[in-house]
Amino acid sequence: MQVLATVANGLDRIDTLLPAVKALGERHVGYGVSEAHYETVGEALIWTLGKGLGEAFTADVKSAWLTAYTTLSQVMKTAAARAPKQ
């Protein structure tokens, strides 16, 4: 949740956020995270936001979160693919 808050608050400063997102993707290699996990997490995130925000989770809000998650997860997957294998 802390990472999500950091991401949400840092989207207007994406250039400063990306190094941390890349590092997170690299660390995920050591945790055994695979590409398929990102899709599962994204689906769970959107579902949770929908439940938590209720009517405030409008189509525009959902679209914004999908765009943010897709963008950041792609950065993480790319960084993970380039990370040394453990």
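**Helix packing in a predicted model**

Tutor: This is a predicted model. The axes of helix 1 (residues 2–10) and helix 2 (residues 14–30) come within 9 Å and cross at roughly 155°.

Student: Which relative orientation do helix 1 and helix 2 have, roughly parallel or roughly antiparallel?

Tutor: The two axes cross at roughly 155°. Angles over 145 degrees count as roughly antiparallel. Helix 1 is therefore, relative to helix 2, roughly antiparallel.

Student: Is the crossing of helix 1 with helix 2 left-handed or right-handed?

Tutor: The crossing concerns two helices whose axes come within 9 Å. Where helix 1 passes helix 2, the crossing is left-handed.

Student: How many nonpolar, polar and charged residues does the contact of helix 1 with helix 2 contain?

Tutor: Helix 1 contributes Val-3, Thr-6, Val-7 and Gly-10, which meet Ile-14, Leu-17 and Leu-24 of helix 2. Gly counts as polar in this classification. The contact of helix 1 with helix 2 thus comprises, because of these classes, 5 nonpolar, 2 polar and no charged residues.

Student: Which orientation does helix 3 take relative to helix 4, roughly parallel or roughly antiparallel?

Tutor: The axes of helix 3 (residues 35–53) and helix 4 (residues 59–82) come within 11 Å, and their crossing angle is roughly 155°. This angle means that helix 3 is, relative to helix 4, roughly antiparallel.

Student: Is the crossing of helix 3 with helix 4 left-handed or right-handed?

Tutor: The axes in question cross at roughly 155°. Helix 3 passes helix 4 in a crossing that is right-handed.

Student: In what order do the elements of the protein run from the N terminus?

Tutor: The protein has 4 helices and 0 strands. From the N terminus on, the order is α-α-α-α.

Student: What share of the contacts with a separation of 6 or more joins residues 24 or more positions apart?

Tutor: The C-alpha trace spans about 45 × 25 × 20 Å along its principal axes. Of the contacts with a separation of 6 or more, the share from residues 24 or more positions apart is 66%.

Student: What percentage of the residues is buried?

Tutor: The protein exposes about 6,100 Å², of which carbon and sulfur atoms supply 59%. Among the 86 residues of the protein, the buried share is 28%.

Conventions. Residues numbered from 1 in each chain as written. Predicted model: local features only at pLDDT ≥ 70, side-chain atom pairs only at ≥ 80, totals over all residues. Heavy atoms only, no water. Axes fitted to C-alpha atoms, helices over the stretch in contact; angles between N-to-C directions. Parallel < 35°, antiparallel > 145°, perpendicular 65-115°, else oblique. Left-handed = near helix turned anticlockwise from the far one by under 90°. Contact = heavy atoms within 4.5 Å. Buried < 20%, exposed > 50% of the residue type's maximum accessible area, 1.4 Å probe, protein only. Areas by Shrake-Rupley, 256 points an atom, 1.4 Å probe, with all protein chains shown as cover.
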